[in-house]
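Thanks for coming, everyone. Please bring the structure up on your screens, and we will walk through it together.

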Amino acid sequence: LLGSTCSVDLERKMSSSDQAATNGSGGSSGNKEADDTREEWEIRRDELKATGDGHFRSKAYQPAIQAYADALQLDPTNHIILSNKSAAHLANGEKSKALHDARKCVEHSDGKWSKGHTRLAAAMMSLGRYGEAADAYSTVLNELDPNNEVAKRGLEDCRKKEQHLREEKERELRKMQEVLDQQKKAEKEAQEEKETKTKNDNSDEGEEDDLLDDFFSEVEKATEKPKPTKSTPDNDSGEEPTNRIKTQMNDLGTSQSQIDRLLQVNYEWKNLNPFYVLDIPHTIDDDSIISARYRALSLLVHPDKCLDDPVRAKTAFEQVRKAMNQMNDVDKRKHVRALIDEGMKQGKRDWKEECSKSSNVHPDNKEGLAQAQSKATMKIFAEIEQKRREIERRKRKFEQRERAQEDDEKKKETDERRFHNEWREGERVDKRVGNWRDFQVDGKKKRTS
């Protein structure tokens, strides 16, 4: 792919001297006519482009980039030179600069030049942005050139890379889970050693990630609040929706108790579980029951209904609405239920282990088992959220670095344009072009003599 997309566009205009050498003795008159068809700056631009092409073929990428940059000072919107400069940057390992020039190439060719899009896609792929690269290749195949072989191969490569990237992420997540399991095992061993020294010390202060220290320490102290017996409405009972909501509201208790539950210490972490927020068993999958619970809870904590504490009520209401958005997504709800099932299993294992180590803990203590399962479930949700935040942090850092590189390129381009405009003012351009023309004439006279 790199070889096909990074090949420099070598369609060059023949210079006047090349035509003269081809036409023999009759080339002098043709040479004059050819010179008259282009401005002096155009001739100079084409010579600089040809110099850059030669350097590129010789794999001297930095001199090629400089030659293309000099040519662009004379013609900043030339999409062919921008394309070649992007290819040189990419071959030289300067991925962000290659992307910058490729975008300008597409912009100045009005998006109608297929090679500009393939150049843009190649730069995107080099940065690992396979989805955007696939979109660029698809634009070529769907709108510009359906038979473009470079775009076909590139689109296929993008799909393979995306699949490989997904597999890599899955492997990375599995490795992270293994590391977490090892950390958990080390924490348990440390706790056992601690308990042998002090029997009355029941604190579990295992080393955790700084982001979750407060959360896990608070979870250790958490106790299950007694809840009133929940009466799950039967969908087949013929109960009206209004009566069902009233039943749910009676089951939930007071507005203040629900606001306190939803905004307790470290609620951002605890409320990651939408079933916990709605205060219903995770085994319920009936949309009508979930909807009735959501409406009842919303009525209880809505800011308009809690005039004594509208600020906290608004925060609690946002937590309820966020949880319901997750529940409305069938795939997310299924994933959440699977996480809770895993947390229940892990909590049961933890509870059995704790019972085996302490004679004061009875295995039939259902309240203790429920607390262990609740703690394990919350820990799973918190660890996943921590991973998500870390991925987002890395993504933001990468985007910031890329934006900084693009800003540097824009500043350099602005400085070059300002220098070029100042250079063209006055008579400096005419003097330099005149000297160059005189040099060419003198050189031809010497060769003729």
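Start with Arg129 and Glu132. The two form a salt bridge, with the closest N and O atoms 2.9 Å apart. Keep in mind that this is a predicted model. How covered are the two partners? Arg129 is buried, at a relative accessible area of 16%. Glu132 is partly exposed, at 37%.

How many salt bridges does the structure hold? There are 28. Take another pair, Glu342 and Arg349. Their side chains meet at 3.6 Å, N to O. Glu342 counts as partly exposed, with 37% relative accessibility. Arg349 is partly exposed too, and its value is 43%.

Some salt bridges link up. Arg38, Arg45, Asp46 and Asp75 are joined into one network through shared partners. Look at one pair in there. Arg45 bridges to Asp75, and their closest N and O atoms are 2.7 Å apart. Where do these two sit? Arg45 is in helix α4, residues 40-57, and Asp75 is in the loop between α5 and α6, so the bridge ties together parts 30 residues apart in sequence. Both Arg45 and Asp75 are buried.

Now step back to the whole chain. It has 20 helices and zero strands. Of its 449 residues, 36% are buried. What about contacts along the sequence? Count those with a separation of 6 or more: 63% of them join residues 24 or more positions apart.

Next, the cores. In general, nonpolar side chains in soluble globular proteins tend to be buried together. The largest nonpolar core here has 35 residues. Ile259, Leu278, Ile280, Ile290, Val301, Val320 and Met327 have the most contacts inside this core. Several helices supply at least two residues each, including α12, α17 and α19. Which helix gives the most? That is α16, with eight residues. There is also a second, separate core of 22 residues. Ala98, Ala134, Ala151 and Leu155 are among its members.

On to helix α8, residues 114-126. Just after α8, Gly128 takes a positive phi of about 80°.

His100 is buried, at a relative accessible area of 9%. What does His100 touch beyond its neighbours within four places in sequence? The contacts are Glu409, Lys410 and Glu413.

Last, confidence. The chain averages a pLDDT of 77, and 76% of the residues score at least 70. Which elements mark the two ends of the scale? Helix α2, residues 16-23, has the lowest mean pLDDT, 37. Helix α6, residues 79-91, has the highest, 94. Two stretches call for a mention. Residues 1-35 stay under 50, and the model has 53 contacts for them beyond four places in sequence. Residues 221-237 are below 50 as well, with 24 contacts in the model beyond near neighbours in sequence.

That is the tour. Questions, please.

Methods:
Residues are numbered from 1 along each chain as its sequence is written. Side-chain values use heavy atoms; hydrogens and water are left out. Buried means under 20% relative accessible area, exposed over 50%, partly exposed in between (1.4 Å probe, protein chains only). Contact means heavy atoms within 4.5 Å. pLDDT is the predictor's confidence in each residue, from 0 to 100. Helices (H or I, at least four residues) and strands (E, at least two) are DSSP runs, numbered from the N terminus. A nonpolar core is a set of buried Ala, Val, Leu, Ile, Met, Phe, Trp, Tyr and Cys residues joined through side-chain atoms within 4.5 Å. A salt bridge is a side-chain nitrogen of Lys or Arg within 4 Å of a carboxyl oxygen of Asp or Glu.
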